[in-house]
Structures are given as structure tokens and as C-alpha cells.
2 protein chains.
Amino acid sequence: MTVADDIRAKGMRMTVQRRLVLDALRRARHHITAEEIARSIRASYPQIDPSTVYRNLEALERLGYVTHTHLDDRVTRWRRADSPQHGHLVCRRCGSEEEISMSVLAPLAKRLKGEHGFSADLAHSAVVGLCRECAG
Amino acid sequence: MTVADDIRAKGMRMTVQRRLVLDALRRARHHITAEEIARSIRASYPQIDPSTVYRNLEALERLGYVTHTHLDDRVTRWRRADSPQHGHLVCRRCGSEEEISMSVLAPLAKRLKGEHGFSADLAHSAVVGLCRECAG
DNA sequence: AAGACTATCGCAACTTACCGCAATAGTGTC
DNA sequence: GACACTATTGCGGTAAGTTGCGATAGTCTT
């Protein structure tokens, strides 16, 4: 079952725009912002509206093809859902980002599940704080 | 040393506007958005511009009087720095919010400090996921 | 208390992210 | 392949938040 077939099977349509968003995410190595995706698509296809990119990211997220993460405070970053999950440590002073294994976060997830019945998505938001250098 | 003295000692000024922002945060029971603060101030002092509120929140945060938290994906919530810290669990489906003790998050903070030298501020961002009801 | 210095303010323009709507164009059916 | 159905698009608009700038007003010095 191709992505296109899966999308159609769910009553949605595989449009040029949707394909371009998917491809942009495929090309991106790491997390990428909606604005970057829009810019890279519009470099070749200027008639494609940024709002279309936003809506397609949301649609593809509902289908489970992409997910988003909040690295710093305001920008939403997107990535393909099939790329390996990891956590993020972001320094609030110098802005440095470090990726960490989900196994570091797993004990907390387990505890939240056990004590609160809460299924945490700990890859969704970065952990903010001070890195080794900035903490001094 | 009063707040005003402390602010002056740091080369900043205690203005009417800054005092109003501080008071609004003092009145607020829980986390409050900048927009709510601006609205409550402007109800009595309509000549005070929202941008002034935003800039004062940032200034007061630099001084350590207030901090901000990201509960859901988009809005920034503010609170006085001396109010008790706690973590948040936010359900991405129904939007419910649950406050949890920092002690639940402490083991992770300790591990991030030990393994990565990272001083995590785990009250800064809510943990997103699915609550007991929505997870089924 | 007057004056100088400059942090802060209010305003307006701007940016980013996201809707509402009419027009367009994928899809399944015949 | 033509057609009807409707998901999706591009456009214009909106709301929240941010920034540049000239004017204002705390604060310190004398």
C-alpha cells in the first residue's frame, strides 16, 4: 500500500501540493519548520500558498505520516513520523540543542502511565534548561 | 529591598505600567496569558498598550520575578516566580490539564544533570499526551 | 529643584500562523 | 472518458505577538 493509496483509502486525495509537502519532509534531515517547507516548495512552485502547506501538515499529521515537536518556545518543527524518535535538550541561554535517547525519558513515561494513567509523548516538547556550559 | 529598589538597582525603572503588570500577576491565581493580563489592565487603563505588557513580562522575567510556561502548543502562560512550581499533563485530545508534583519529574531532572550536565526546567513545558479517558 | 541621560512608552507597521469562502480539481461510478 | 461529488486550493482577511521609532518620563547628579 503506497502512501497515495492509503490517503485515498481514507477518503482523502493525493494532490500535487500534498506530495510536495511529503517530499520536502523526506528531503529534510532533521526537524523543519512549516515556513521552511513553504519556502523550499515556493522556490520552485511559487503559486503554492503557505496556508496550503500548513493545512497539509495538519492533514498528514492526522493520518500519522508526520508529527510535530516544539523545540524552542515558539516555532513548531515537523518531521516524518517514521524517522526515529528522540528527545531534545534545549539551552535557554545559548540555544544549543542536544538530542537524547528516548530511553532516558522512558522511566518518566512509565511512571506517568502508572500513577496518572497518562500516556505521555515525551518527544513532543523539548526539555528546556541550561546546558553544561551555560549553567557554569 | 523592595521590588522597586531591586529593579532600580539593576538600572531599570519602576514605572506605572510595570507595577500594573506585577499587580495583575499577583491577583492571578494560576497561570495567565499575556493577553489576559493586557485585557485586565486595559479595562481600567485603556491607554496602556498591549506591547508594553509583553515587553514588561519579558523584562520582569529577566529580573527573575516572573516565569513563563507552555501549557498547550501555542499560548505562553505567565506566573510569579515565587509561586510554587509544578508540572503539567495536558491531553492532546480533550485538552484537560492536570497538575503534578515536581517530585514526579525530579528523577528525570537528576538523570539529565548527571548524564548530560543539563539543568532541566521541567516546569517550563507541559507534558503532552493522552489522558486516561482519551487513551481508552 | 533643574537638567541630562536614557529606559520605557504608545503608536503604527509588520510578521507569523491560521481561517472562511468561492473556485478548482482529484476520485469513484457509470 | 464523461460526470457528479466534494476534498482541497489560492486568495483575502484576521488575530496574536513583535519591532522600530519619536515622544515621554523615571532616575541620578549637581
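In this predicted model, the side chain of B:H116 makes a polar contact with the side chain of A:E98, at 3.0 Å. B:H116 lies in helix α5 of chain B, and the residue counts as buried because its relative accessibility is 17%, where the cut-off for burial is under 20%.

**Around B:H116**

- Leaving aside neighbours within four places in sequence, B:H116 is in contact with A:L89, A:E98, A:I100, A:V104 and A:R132 of chain A, and with B:R111 of chain B.
- A:E98, one of these contacts, is also the residue whose side chain forms the 3.0 Å polar contact with the side chain of B:H116.

**Relation of the two copies**

- Chain B can be laid on chain A with an RMSD of 0.3 Å, by a turn of 178° and a shift of 0.0 Å along the axis. The two copies are therefore related as by a two-fold rotation axis.
- Of the interface residues of chain B, 97% are also interface residues in chain A, so the copies meet through the same surface.

**The largest nonpolar core**

- The largest nonpolar core has 24 residues, of which A:L108, A:L112, B:L108 and B:L112 touch the most other members. The elements that give two or more residues to this core are β4 (87–91) and α5 (102–116) of chain A, together with β4 (87–91) and α5 (102–116) of chain B.
- When residues up to four places away in sequence are not counted, A:L112 touches A:G117, A:F118 and A:A120 in chain A, and B:L89, B:I100, B:V104 and B:V127 in chain B.

- Sugar or phosphate holds 68% of the atoms of DNA strand C that lie within 4 Å of the protein, while the rest belong to bases.
- A base oxygen of DNA strand C is 3.1 Å from an N or O atom in the side chain of A:R55, whereas a polar side-chain atom of B:Q17 lies 3.0 Å from a sugar or linking oxygen and one of B:N56 lies 3.0 Å from a phosphate oxygen. Two or more residues of this surface come from each of α4 (50–62) of chain A and α2 (16–27) and α4 (50–62) of chain B.
- The element that gives the most to this surface is α4(B), with four residues; by class, the surface has nine charged, eight polar and four nonpolar residues.

**The surface near DNA strand D**

- DNA strand D is surrounded by 21 residues, with A:R18, A:T52, B:R8, B:R13 and B:Y54 the closest. Of the atoms of DNA strand D that come within 4 Å of the protein, sugar and phosphate account for 65%.
- Backbone atoms of chain A lie by phosphate oxygens of DNA strand D: a backbone N or O atom of A:Q47 is 3.4 Å from one, and a polar backbone atom of A:D49 is 3.3 Å from one.
- A polar side-chain atom of A:R55 lies 3.0 Å from a base oxygen of DNA strand D, and the side chain of A:R55 also has an N or O atom 3.1 Å from a base oxygen of DNA strand C.
- At least two residues of the surface near DNA strand D come from each of α2 (16–27) and α4 of chain A and α4 of chain B, and the largest share, four residues, comes from α4(A).
- By class, this surface has four nonpolar, eight polar and nine charged residues.

How values were computed:
Residues numbered from 1 in each chain as written. Chains lettered and ligands numbered in written order. Predicted model: local features only at pLDDT ≥ 70, side-chain atom pairs only at ≥ 80, totals over all residues. Heavy atoms only, no water. Core = buried A, V, L, I, M, F, W, Y, C linked by side-chain atoms within 4.5 Å. Buried < 20%, exposed > 50% of the residue type's maximum accessible area, 1.4 Å probe, protein only. Contact = heavy atoms within 4.5 Å. Near = heavy atom within 4 Å. Polar contact = N/O pair within 3.5 Å; in protein donor to acceptor, adjacent residues only side chain to side chain. Nonpolar A, V, L, I, M, F, W, Y, C, P; charged D, E, K, R; others polar. Least-squares fit on C-alpha atoms with pLDDT ≥ 70 in both.
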